[in-house]
Amino acid sequence: MNKVKAFFESELQNVEHVNNSDYCGKWISHKDVVDNAIVRCLGVTMFVQTIGVSYEEVAPLYDEYKAKLEKYYK
């Protein structure tokens, strides 16, 4: 779970970085940046369930980071 949290945190930091740069608006929309990060986090959430992590264990962490990422919608 520590690696899952580290991945989610890196996605959050990447969204912060991209949204504060000149990339957004020119190359990709703010919404797409956030949506793509959420989808990657969901993929990790689904993957770890296939290797034995329970839904009850990973879902709260996913929900927490999804909410943090959604704050970057513009």
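1. Buried here means under 20% relative accessible area, and exposed means over 50%. The model is predicted.

2. Start with the dimensions of helix 1. The helix has 18 residues. From first C-alpha to last it reaches 26 Å, close to the 26 Å expected at 1.5 Å a residue.

3. Now burial. Val 4, Phe 8, Glu 11, Leu 12, Val 15 and Asn 19 are the buried residues of helix 1. They sit on the same side of the helix, because their arc around the axis is only 95°. An α-helix has 3.6 residues a turn, so residues three or four places apart point the same way. On the other side of helix 1, Asn 2, Lys 3 and His 17 are exposed.

4. What covers the buried residues of helix 1? The cover includes helix 2 (30–50) and helix 3.

5. Helix 1 (residues 2–19) packs with helix 3 (residues 55–70) at about 5°. Their axes lie 10 Å apart. Angles under 35 degrees count as roughly parallel, and the two helices are therefore roughly parallel to each other.

6. The contact is made from helix 1 by Val 4, Lys 5, Phe 8, Glu 9, Glu 11, Leu 12 and Val 15. Helix 3 brings Val 58, Leu 61, Tyr 62, Tyr 65, Lys 68 and Leu 69. By class, this contact of helix 1 with helix 3 has nine nonpolar, four charged and no polar residues.

7. Look at Glu 11, which lies in helix 1. Its relative accessibility is 5%, so Glu 11 counts as buried. Leaving out residues up to four places away in sequence, Glu 11 touches Ala 37, Arg 40, Cys 41 and Leu 69.

Technical notes. Residues are numbered from 1 along each chain as its sequence is written. This is a predicted model: local features need pLDDT of at least 70, side-chain atom pairs count only at pLDDT 80 or more; totals for chains, interfaces and linings use all residues. Side-chain values use heavy atoms; hydrogens and water are left out. Axes are lines fitted to C-alpha atoms, for helices over the stretch in contact, and angles run from 0 to 180 degrees between N-to-C directions. Helices (H or I, at least four residues) and strands (E, at least two) are DSSP runs, numbered from the N terminus. Angles under 35 degrees count as roughly parallel, over 145 as roughly antiparallel, 65 to 115 as roughly perpendicular and the rest as oblique. Contact means heavy atoms within 4.5 Å. Ala, Val, Leu, Ile, Met, Phe, Trp, Tyr, Cys and Pro count as nonpolar, Asp, Glu, Lys and Arg as charged, and the others, Gly among them, as polar. Buried means under 20% relative accessible area, exposed over 50%, partly exposed in between (1.4 Å probe, protein chains only). The expected span of a helix is 1.5 Å times one less than its number of residues. The arc is that of the directions from the helix axis to the C-beta atoms.
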